[in-house]
Amino acid sequence: MSTLTVTNAQVTTLKDASGGNSSIPADILQGRAKVWVDFQGSAVINDSFNVSSITDSGTGKYIVNFSTALGNANYSMIGCGATDASSGWVQAVVYDEDAGTRTTSAISIASGERNNFTDNDHTCVSIFGDS
């Protein structure tokens with residue numbers, strides 16, 4: 001097996017080993033998560049990418065603060081939470097429009113059902129958008 005070490009590669013198209021599937025770098029950049037985090041109900045981060053901190057705003061309410069700002073605030077956020085790992089109970093995690101934070105550097109989220117907010121054992125959030 002050979003090893004190839006490249007310091008700075010500029011490519012137009014990336015192809016798989018068979019040459020049948022290809023992507024341009026812009027597709028890869030646009031399609032990957034710009035922010036993701038897995039944290040506990042006490043806002044303790046288990047693991048993350050591009051997250052500087054979590055602000056606990058009350059039961060089931062948080063602000064996810066980004067390390068590096070996004071290109072604009074028109075991004076897509078997906079999330080889920082598990083309140084009890086042994087039972088697999090899953091809660092919805094959504095943008096908290098009432099809190100109003102949706103900027104290039106942070107987003108307010110809420111976890112639970114309707115107005116019954118819950119701190120989860122694990123809350124996961126991913127954000128896709130422009131860099």
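Trainee: Is Ile-28 buried, partly exposed or exposed?
Mentor: Ile-28 is partly exposed, at 37% relative accessible area. Buried means under 20%, exposed over 50% and partly exposed in between, using a 1.4 Å probe and protein chains only. This is a predicted model, where local features need pLDDT of at least 70 and side-chain atom pairs count only at pLDDT 80 or more, while totals for chains, interfaces and linings use all residues. Residues are numbered from 1 along each chain as its sequence is written, and side-chain values use heavy atoms, with hydrogens and water left out.

Trainee: Okay, and where does Ile-28 sit?
Mentor: In helix 1, residues 25-31. Helices (H or I, at least four residues) and strands (E, at least two) are DSSP runs, numbered from the N terminus.

Trainee: Switching topic: how many residues are in the largest nonpolar core?
Mentor: It has 17 residues, and Ile-54, Val-64, Phe-66, Ile-107, Ile-109 and Ile-127 have the most contacts inside it. A core here is a set of buried Ala, Val, Leu, Ile, Met, Phe, Trp, Tyr and Cys joined through side-chain atoms within 4.5 Å.

Trainee: Which strands supply at least two residues each?
Mentor: Strand 3 (35-39), strand 5 (51-58), strand 6 (61-66), strand 9 (106-113) and strand 11 (122-128).

Trainee: What does Phe-66 touch?
Mentor: Leaving out residues up to four places away in sequence, its contacts include Val-35, Tyr-75, Ile-107 and Ile-127. Contact means heavy atoms within 4.5 Å.

Trainee: And Val-125, buried or exposed?
Mentor: Buried, with a relative accessible area of 2%. Val-125 is in strand 11.

Trainee: What does strand 9 pair with?
Mentor: Strand 6, antiparallel, over five bridges; there Val-64 stands opposite Ile-107. Strand 8 (residues 89-95) also pairs with strand 9 in the antiparallel sense, over four bridges, with Ala-92 partnered by Gly-112. Strand 10 (residues 116-117) pairs with strand 9 antiparallel over two bridges. Two strands count as paired if DSSP finds at least two bridges between them.

Trainee: What's in the hairpin of strand 9 and strand 10?
Mentor: There are two residues between the strands, and Arg-114 takes a positive phi near 50 degrees. Glu-113 stands opposite Asn-116 in strand 10.
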